[in-house]
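Subject: Structure for you to look at

Hello,

Here is the structure I said I would pass on. Please open it next to this message, and my notes follow below it.

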Amino acid sequence: MTVTTDARPGKPRERTCIGCRKRSGPADLLRMTVSGGPENHVVLPDPDRRAPGRGAHLHPVAECLDLAVRRKAFPRAFRVPGPLDVTGLQEYVAQRDKQEASATQTAAIRPPAAVQTAVTT
């Protein structure tokens, strides 16, 4: 079995969000890939980070997605000509925002766990 080592052992991995241009770790960003022919490029989310091809990274929030669309960052990031279809990515980010919002509301409603203390006599 071959053990691979990191090329930069002391340096943490960072990626740049194509929307807000801030650097974050790969776990905080959503990787995307482009698919389709020369006339119909589609941006697809790659949450497992395993799809082949050139990838770009984005914070999975609507604000960064809107910034990337407004700045026309997708064609530059993927190095493909023309506008790209981002509807699938928009649906993925909207669904993720809803899940996080419902999780936040559930956590706010849920009572705190009771703390049990040991009584010594």
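Predicted model: local features only at pLDDT ≥ 70, side-chain atom pairs only at ≥ 80, totals over all residues.

Strand S3, residues 30-35, and S5 pair in the antiparallel sense over 4 bridges. Both belong to an open sheet of 3 strands, with antiparallel pairing and the order S4-S3-S5. The edges are taken by S4 (42-45) and S5; each has a single partner strand, so one side of each has no neighbour in the sheet. On average, neighbouring strands in this sheet are turned by 35° against each other, direction ignored.

The chain as a whole

The protein chain has 3 helices and 5 strands. Read from the N terminus, the order of elements is β-β-β-β-β-α-α-α. Of its 121 residues, 25% are buried. Among contacts with a separation of 6 or more, 54% are between residues 24 or more positions apart. The chain exposes about 9,100 Å², and carbon and sulfur atoms supply 53% of that area.

Helix H1

Which residues of H1 are buried? They are Cys64, Leu65 and Ala68. Seen down the axis of H1, these buried residues fall within an arc of 100°, so they line one face of the helix. The face of H1 turned away from the buried side carries Glu63 and Arg70, which are exposed.

Cys64 sits in H1, which covers residues 62-71. Its relative accessible area is 8%, and because the cut-off for buried is under 20%, Cys64 counts as buried. Cys17 is 47 residues away from Cys64 in sequence, but their C-alpha atoms are 7.8 Å apart in space. With neighbours within four places in sequence left aside, Cys64 is in contact with Cys17, Gly19, Cys20, Leu58 and His59.

His59 lies in the loop between strand S5 (55-58) and H1. Is His59 buried or exposed? His59 is buried, at a relative accessible area of 15%. The side chains of His59 and Ser24 are joined by a polar contact of 3.0 Å. Apart from neighbours within four places in sequence, the contacts of His59 include Cys17, Cys20 and Cys64. Lys22, Ser24, Asp28 and Leu29 are also in contact with His59.

Two residues with positive phi

Lys72 follows H1 and has a positive phi, near 55°. Lys72 is a residue other than glycine. Its place is in the loop between H1 and helix H2 (73-78). With a relative accessible area of 60%, Lys72 is exposed.

Arg79 is not a glycine either, and its phi is positive at about 55°. Arg79 is placed in the loop between H2 and helix H3 (87-109). Its relative accessibility is 64%, so Arg79 counts as exposed.

To go through this on screen, you could begin with the sheet of S4, S3 and S5, go on to the buried residues Cys64, Leu65 and Ala68 in H1, and finish with the loops that hold Lys72 and Arg79.

Regards

Terms used
Residues numbered from 1 in each chain as written. Heavy atoms only, no water. Buried < 20%, exposed > 50% of the residue type's maximum accessible area, 1.4 Å probe, protein only. Contact = heavy atoms within 4.5 Å. Arc of directions from axis to C-beta. Polar contact = N/O pair within 3.5 Å; in protein donor to acceptor, adjacent residues only side chain to side chain. Areas by Shrake-Rupley, 256 points an atom, 1.4 Å probe, with all protein chains shown as cover. Pairing = 2+ DSSP bridges. Axes fitted to C-alpha atoms, helices over the stretch in contact; angles between N-to-C directions.
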